[in-house]
Amino acid sequence: MSRTSMVGDSSSWSTALVKISPYTFSAIGIAIAIGVSVLGAAWGIYITGSSLIGAAIKAPRITSKNLISVIFCEAVAIYGVIVAIILQTKLESVPSSQIYAPESLRAGYAIFASGIIVGFANLVCGLCVGIIGSSCALSDAQNSSLFVKILVIEIFGSALGLFGVIVGIIMSAQATWPAKSV
Amino acid sequence: MYGFEAMTFNIHGGYLEAIVRGHRAGLLTAADYNNLCQCETLDDMKMHLSATEYGPYLQNEPSPLHTTTIVEKCTLKLVDEYKHMLCQATEPLSTFLEYITYGHMIDNVVLIVTGTLHERDVQELLEKCHPLGMFDSIATLAVAQNMRELYRLVLVDTPLAPYFSECITSEDLDDMNIEIMRNTLYKAYLEDFYKFCQKLGGATAEIMSDLLAFEADRRAVNITINSIGTELTRDDRRKLYSNFGLLYPYGHEELAVCEDIDQVRGAMEKYPPYQSIFSKLSYGESQMLDKAFYEEEVKRLCLAFEQQFHYGVFFAYMRLREQEIRNLMWISECVAQNQKSRVHDSVVFIF
């Protein structure tokens with residue numbers, strides 16, 4: 001089955017897209033999974049960290065409890081690493097005649113999509129947890145009974161990253177490359 | 001973009017905002033004020049204050065305390081905190097922090113010029129200046145004879161230079177001109193500060209606009225009340241009002257023609273936020289107006305702390321501290337003169 005009979009003859013964009021190797025898409029997906037997740041985690045950590053340091057000058061008791069916010073942000077980066085490792089185990093080499101077969105394309109797109117899902121979900125999750133962590137540190141410094149209540153908000157926020165990881169892993173589970181046939 | 005400051009504010013301002021919020025937690029509470037109001041002598045006050053954050057500043061003072069010493073040491077604490085924040089700040093926060101002190105600079109300039117007019121000694125005047133408003137060449141202000149010299153010799157190198165374009169005349173300085181000069185400078189300063197905050201945008205612009213508008217309106221009312229019965233013409237009065245605020249422009253038109261306090265009250269009662277202030281005063285009474293304005297100001301300043309990630313907290317903190325120092329000065333004067341019944345006339349509780 002040749003690929004030109006599947007794709008509409010008229011559009012040159014769709015021809016161009018289909019001619020990009022699925023391995024390119026997979027590699028970009030894996031890069032985004034880890035790169036953008038780490039961006040989100042780092043962003044969240046600096047937002048929390050700068051407020052925490054300043055607030056701890058007047059109220060040193062808050063430092064140990066508020067490190068939880070930093071840990072939640074760090075978890076986001078760990079999700080990114082885990083998913084990137086899972087995705088790269090899904091890469092298989094196929095013979096060159098099969099590279100542009102529909103199943104190969106599907107596998108490539110699935111890995112790409114999984115990477116985007118995880119990367120961007122972790123980006124916003126890291127941001128969210130970081131901003132709440134900053135407010136948590138400042139509120140705890142004023143009134144220590146507020147800490148546990150704001151921590152509940154942070155827990156809900158960090159669930160967003162988990163949603164992304166779950167969907168990403170499900171997506172990548174169907175990234176099956178065509179079996180090597182003669 | 002309003003609403004997204006949280007993503008980038010902490011890069012440069014996160015540490016300082018957390019520090020200023022820590023300082024705000026150290027402001028005296030109503031319980032502290034109650035203790036202080038019940039003191040019999042200034043040494044009792046020193047003992048109560050040593051349990052608060054003012055402790056380190058007052059503990060080395062020798063025993064016969066004066067009220068001016070207490071106020072001086074408390075102001076010193078504010079200046080230390082301000083300088084610490086200023087040296088840690090980057091642009092544009094450092095410019096913002098400097099803007100907060102220009103008001104004190106204007107007051108110092110007017111103090112020295114007035115004192116020189118009344119033949120006081122320069123050193124004595126320098127000691128009375130507010131430390132936040134000092135600049136290098138301030139002592140040479142005593143030499144100037146009229147405004148043009150004042151500008152050319154001293155003020156052209158200070159941050160106040162751009163505010164002088166409207167008030168350079170060759171007349172000699174006398175009491176009336178100096179008051180007009182003070183109010184013209186302050187008007188230019190408030191407008192400049194307002195424009196700067198608008199340029200910063202976001203939550204800072206919104207919160208500072210509200211605080212500065214209240215300041216402009218309060219000054220308009222004070223100018224009106226103080227110039228009733230003087231030789232200040234209506235046009236001159238109108239020139240002293242700022243170009244922003246709730247009262248601009250229609251309220252200013254009404255205030256410019258007021259000739260007594262009841263007319264002022266009538267003009268102000270059309271604006272709901274000020275109507276609640278004026279309704280606390282009975283007819284013909286203006287002594288409580290200052291306190292009513294201070295209370296309203298403190299309420300708005302405390303609201304600035306409700307939001308995170310903007311510069312308004314720095315301005316609000318400096319103003320609240322100044323209010324606290326005013327409170328301490330009033331309480332210590334009442335205690336020193338044995339007039340404890342009048343203590344609550346002028347103390348504005350912050351919390």
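**View 1. Helices α9(B) and α10(B) in contact**. Arg182(B), Asn183(B), Tyr186(B), Leu190(B), Phe193(B), Tyr194(B), Cys197(B), Gln198(B) and Leu200(B) of α9(B) meet Gly202(B), Thr204(B), Ala205(B), Met208(B), Ser209(B), Leu212(B), Glu215(B), Ala216(B), Arg219(B) and Ile223(B) of α10(B); contact means heavy atoms within 4.5 Å. By class, this contact has eleven nonpolar, five polar and three charged residues. Ala, Val, Leu, Ile, Met, Phe, Trp, Tyr, Cys and Pro count as nonpolar, Asp, Glu, Lys and Arg as charged, and the others, Gly among them, as polar. α9 (residues 175–200) and α10 (residues 202–227) of chain B pack at about 165 degrees, with axes 8 Å apart. Axes are lines fitted to C-alpha atoms, for helices over the stretch in contact, and angles run from 0 to 180 degrees between N-to-C directions. The angle makes α9(B) roughly antiparallel to α10(B) (over 145 degrees). Helices are DSSP runs of H or I, at least four residues, numbered from the N terminus.

The model is predicted: local features need pLDDT of at least 70, side-chain atom pairs count only at pLDDT 80 or more, and totals for chains, interfaces and linings use all residues. Residues are numbered from 1 along each chain as its sequence is written, chains are lettered from A and ligands numbered from 1 in the order in which they are written, and side-chain values use heavy atoms, leaving out hydrogens and water.

**View 2. Helices α2(B) and α16(B) in contact**. α2 (residues 30–37) and α16 (residues 312–336) of chain B pack at about 20 degrees, with axes 10 Å apart. That makes α2(B) roughly parallel to α16(B) (under 35 degrees). Tyr33(B), Leu36(B) and Cys37(B) in α2(B) meet Glu324(B), Asn327(B), Leu328(B), Ile331(B) and Val335(B) in α16(B). These residues divide into six nonpolar, one polar and one charged.

**View 3. The largest nonpolar core**. The core holds 92 residues. Phe96(B), Leu141(B), Leu155(B), Phe193(B), Phe314(B) and Phe315(B) touch the most other members. A nonpolar core is a set of buried Ala, Val, Leu, Ile, Met, Phe, Trp, Tyr and Cys residues joined through side-chain atoms within 4.5 Å. Beyond four places in sequence, Leu155(B) contacts residues including Val109(B), Phe135(B) and Phe164(B).

**View 4. Leu65(B) in a loop**. Leu65(B) lies between α4 (55–58) and α5 (67–88) of chain B. At 11% relative accessibility, Leu65(B) counts as buried (under 20% relative accessible area, 1.4 Å probe, protein chains only). Beyond four places in sequence, Leu65(B) contacts Leu42(B), Asp43(B), Lys46(B) and Ile70(B). Leu65(B) and Ala336(B) are 271 residues apart in sequence and 9.7 Å apart in space, C-alpha to C-alpha.

How values were computed:
Helices (H or I, at least four residues) and strands (E, at least two) are DSSP runs, numbered from the N terminus. Angles under 35 degrees count as roughly parallel, over 145 as roughly antiparallel, 65 to 115 as roughly perpendicular and the rest as oblique. Buried means under 20% relative accessible area, exposed over 50%, partly exposed in between (1.4 Å probe, protein chains only).
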